[in-house]
Amino acid sequence: NAMGPEKAWNNRTAIYLGAAAGAEFIADIFLCPLEACRIRSVSDASYAPSFPGVAARLLKEEGFVRGFYSGFGPILFKQIPYTMAKFAVQGLVSEKMYLQMGKKPTEMSGAANMGVSLSSGVVAGVTAAIISHPADTLLSKMNKAGAGGTGSIPVRMMNVTKEMGVVNLCTSGLGARCVMIGTLTALQFGIFDSVMRLLGAEKFHFHPPGH
């Protein structure tokens, strides 16, 4: 509303990207400690008998910053591009699909809108998975005990990258992740749109001024 319809339409990609990046940064502040505990418990099943136990031991042995936020850099590199790509690509792909059909979402049936949500979600999910995969691999390595040796977080990240090699960092497990994230993202947008319809709410869609 502040920009007006024409500027909002012309800058819709920047709006998608900026909104997604800002929201994800805030979310990652809360997500990082949980991810650190999850990865530690998965990589070392004997580390602690419960999730709170993992958190308590991490805090005691490694301190707040190193224990909970060693992976903050990698998680930002992973989650922010992932979320930006997911929402921007889904928005643009669904927009192109509606334009190709020559119809607005309100002029289509629930099943047709669901098809658009699922199809655009798959494309968005696969794109986001490819973009964020190197950082996802790096995050998993960084939260393991002793990963990258000693030093600051950037130094340890560089050490892990050198140990793995850039090609392995970018491709190891990528196919499986594309299938997983593509499916999950399609379901996320499909469920979101279904709930919106059940509540009688309308999802915002960018559209050319005057349409």
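The following dialogue examines a predicted model and the criteria behind its descriptions.

Guide: In this predicted model, local features need pLDDT of at least 70 and side-chain atom pairs count only at pLDDT 80 or more, while totals for chains, interfaces and linings use all residues. Residues are numbered from 1 along each chain as its sequence is written, and side-chain values use heavy atoms, with hydrogens and water left out.

Visitor: How many helices and strands are there in the protein?

Guide: The protein has nine helices and zero strands. Helices (H or I, at least four residues) and strands (E, at least two) are DSSP runs, numbered from the N terminus.

Visitor: What span should helix α9 have, and how far apart are its end C-alpha atoms?

Guide: The expected span of a helix is 1.5 Å times one less than its number of residues. For the 25 residues of α9 (residues 174-198) this gives 36 Å, and the end C-alpha atoms are 36 Å apart, so the two values agree. After α9 comes G200, whose phi is positive, near 75 degrees.

Visitor: Why does I191 count as exposed?

Guide: Buried means under 20% relative accessible area, exposed over 50%, and partly exposed in between (1.4 Å probe, protein chains only). I191 has 54% relative accessibility and therefore counts as exposed. I191 is found in helix α9, whose buried residues include L174, R177 and C178. The buried residues of α9 pack against α5 (72-101), α6 (110-142) and α8 (166-171).

Visitor: What makes L118, L187, I191, V195 and L199 a nonpolar patch?

Guide: Patches are made of residues with over 30% relative accessible area and no salt bridge; like charges are joined within 9 Å, and nonpolar side chains (Val, Leu, Ile, Met, Phe, Trp, Tyr) within 5 Å. L118, L187, I191, V195 and L199 form such a patch on the surface, with about 460 Å² of accessible area together. Accessible areas come from the Shrake-Rupley method with a 1.4 Å probe; for residues, only the protein chains shown count as cover. Helix α9 gives the most to this patch, with three residues.

Visitor: Why does S132 count as buried, and which residues does S132 contact?

Guide: S132 has 0% relative accessibility, so S132 counts as buried. Contact means heavy atoms within 4.5 Å. Leaving aside neighbours within four places in sequence, S132 is in contact with K78, Y82 and R177.

Visitor: What makes K78 and D136 a salt bridge?

Guide: A salt bridge is a side-chain nitrogen of Lys or Arg within 4 Å of a carboxyl oxygen of Asp or Glu. The closest N and O atoms of K78 and D136 are 3.0 Å apart, and the pair forms a salt bridge. The pair links distant parts of the chain, K78 in helix α5 and D136 in helix α6, 58 residues apart.
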